[in-house]
Amino acid sequence: MAKKEEVEGKVPPKPEVSAKDQLTDKTSVMVAKDILPTTLVVLPLYERPLFPQMMGPILIDNPAIKNALISDVEKSLQYVGMVLVRPQDDGANQLAPTELEFHEVGVAAKILEAALPQPDAPLHLMVQALERFSVQEIVAEKPMWRATVKYWPKARFETNEELKAYSASIIECIKELVNLDPLFKEGLTLLLDKINLNDPGSLADFAASMTTATGAELQKVLEAKSIRSRIEQTLFLLKKETQITKLKVQINERIDERLTKQQREFFLREQLKEIKKELGISKEDTETETDKFEKRVSKLVLTDEAQERVREELDKLRLLEPSSPEFNVTRGYLDWLTELPWGVYTKDNYDIQKAARILDQDHYGLTDVKDRILELISVGIIKGDLAGSIILLVGPPGVGKTSIGQSIARSLGRKFYRFSLGGMRDEAEIKGHRRTYIGALPGKFIQAIKTCKTANPLIMLDELDKIGASFHGDPASALLEVLDPEQNREFLDHYLDVRFDLSKVLFICTANQLETIPRPLLDRTEIIRLSGYILEEKLQIARRHLLPKQLKEHGLQRGQVTIPNSVMREIIDGYAREAGVRSLENNIKKILRKSAKHIVQDGNRKIKLTTTDLRDYLGRRHFSQEKVFKQPRVGVVTGLAYTSLGGTTLHIEATPVPSKAGSFKQTGQLGKVMIESSEIAYTYVRSLLNHDEQARRFFGNNLIHLHVPAGATPKDGPSAGITMACVIYSTAINKPIKKNIAMTGELTVTGLVMPIGGIKEKVIAAKRAKIKTLIFPQENESDFADLDEHIRKGISPHFVSTFGEVLKICFPAGKK
């Protein structure tokens, strides 16, 4: 069969031969049906049909067809049929000869020349299309096709104004195409010189062959018997070709304009470079970059590893073209390597008196923290170095953990950098991304070193207890290397891929609680607890720091708004009982905003607040005095608890419910440990009163319901054991405990009182609630003694080792 390459189906839209060779001799023109055979060898066309009077080359590769045609030509074969094949889904050139679907109209063509090829070369035919014909019958005869055809008679037409107008429009379109695309000029020359412009049919055929229309569109023109229909379809194709050519010209103009601008800028830049080089005022981009990096390196004290890496990267940079993507990657890497402060350290302040003054100016209280910092400075004075210290500040929100880090940096004379670990889930945030990734960067610690421009800053890691983990890695595990003094001297960031010494960095971490911090990470830190502030401490902080700061931020003078101590105490006690001072500061802001509004509306006047004004400024009291403190009741006992927000009081209640069998239940969103503590308390009290007949009947005929408000807040821990036992005991004997008592301690099933934690927080919570008599486990006596004097002042502590001692304090005349 004939493939697309074998019998070329595409006819060039623009003839490649001269006009003289394309036209037949007019003297030989006669009626076509008298001289052309009615049976023709058919050559299929796959892309475009041929039109009468057109010439074109035909290329035949198929050996069988080629040999058959050569044989026929030698036997004086002069004419062949050229018919366009209908397109198939799988391609017509892939079908067998019997499966090809030809169009019904083709052209008879005369073989003008047949170039006999070499054995392996294709056969070249030059043919001239003569007349249209309709296919009557087509038969596949290996290896070619033969068809019986019927020629169209010469179309008769009468010249009228409409055909003249169509012809003129076609000529105008061709002229426009020539102006838009000079490649059409040859076709126009042929049209004007050789085509009879008075023959609209010939004009339509030739004009259609000049377009780049599809084979199906051109076939419609070939099949049109009406001259008017043929010339109308041709005009449509020409108009379409004109629009496409205009669009191509516009696109080419835009591209040429852009390229011309870029080329012009390129040549100007190159000329500018050459001029600068001749004048000695400029260097190549690569040379400029390498000089910059070498100048930086000369001022640094690089390690041997870093020195070798910088040298390797500089050698690579010299070989790269500035336009290369690798050039920018290498330049960015060298920029990070040479921007780091290798061997650059700030001088520490070893003046312990100055450091103490700075700490006292910035913070009131916090004696433990201040003492630890002064101890650190003292060691530095003796040793001459402040390396290897990792401090963890633990306490509720608002107690000044983050701000004290800034004060420590100021007292030591070090640069300060803070970033939060809260919600961090990607290990690359700590150890950096590998340079193979687009947009890779070093980790937070290397970024901090670069920002501070010193290798020994103070870095604060905020919210250590809120660090996360995900499929990207575990940042907490990555921190183990950073916070280990034995390992961080050779910290390896994935981006740098060069070890950097972090052992001179002072790390200050903050957290609200220790339970969520991984144990290996916790072991690398020195824990300092910030338990919160009592009322008097908050009062001093408000006077010394919060009020002056907020007056300045609100643009008010010190005398414009006056808040007496009695009013400030009421604010602290009624609106800001939290362990920290953040809520207190927010309430002061609210007061100053409303005061500023009154000053603007009422003119320039001074405002002095009273306790009765607070409801107008702050709304109703958030914390009210509990009736239980003043009126002890049966089955109600105050306990002390420690939470992530600081210490707090718990008013645990119990009530009996008549029941056929004695039982016990507890409510209040209690955790597993607290539920076990309540069951231990119930069991112990029941065994303690087992000798009392009345108590036995009470437990046998009642369900004891124990509740720990508030019900919406989850609670857990063992320190409420003696409190719940006192509640059950009070319910069983139907007597209230002694007035103004709170307690904390773990109870065993044999009645022993075990030690607990959070003594300072619980004492502060009791003082806020104005409870003076407190019961603690005996083993916590030293913890209480370590508290500051102003915290212990006014507290009457009792230290017990058994529950019997608790009963003696709470029920002086009760049964033991």
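Student: Is Leu-180 buried, partly exposed or exposed, and why?
Tutor: Leu-180 counts as partly exposed, because its relative accessibility is 26%, where buried means under 20% relative accessible area, exposed over 50% and partly exposed in between, with a 1.4 Å probe and protein chains only. This is a predicted model, in which local features need pLDDT of at least 70, side-chain atom pairs count only at pLDDT 80 or more, and totals for chains, interfaces and linings use all residues. Residues are numbered from 1 along each chain as its sequence is written, and side-chain values use heavy atoms, with hydrogens and water left out.
Student: Which helix is Leu-180 in, and what is Leu-180 in contact with, leaving aside neighbours within four places in sequence?
Tutor: Leu-180 lies in α4, residues 161–180, helices being DSSP runs of H or I with at least four residues and strands runs of E with at least two, numbered from the N terminus. With those neighbours set aside, Leu-180 is in contact with Thr-242, Thr-245, Lys-246 and Val-249, contact meaning heavy atoms within 4.5 Å.
Student: How far apart are Leu-180 and Thr-245 in sequence and in space?
Tutor: They are 65 residues apart in sequence, while their C-alpha atoms are 6.8 Å apart in space.
Student: Switching to α21, which residues are buried there?
Tutor: The buried residues of α21 are Leu-584, Glu-585, Asn-587, Ile-588, Ile-591, Leu-592, Ser-595 and Ile-599. They lie on the same side of α21, because they cover an arc of only 155 degrees around the axis, taken from the directions from the helix axis to the C-beta atoms.
Student: And which exposed residues are on the face turned away?
Tutor: That face carries Arg-582, Lys-597, Val-600 and Gln-601.
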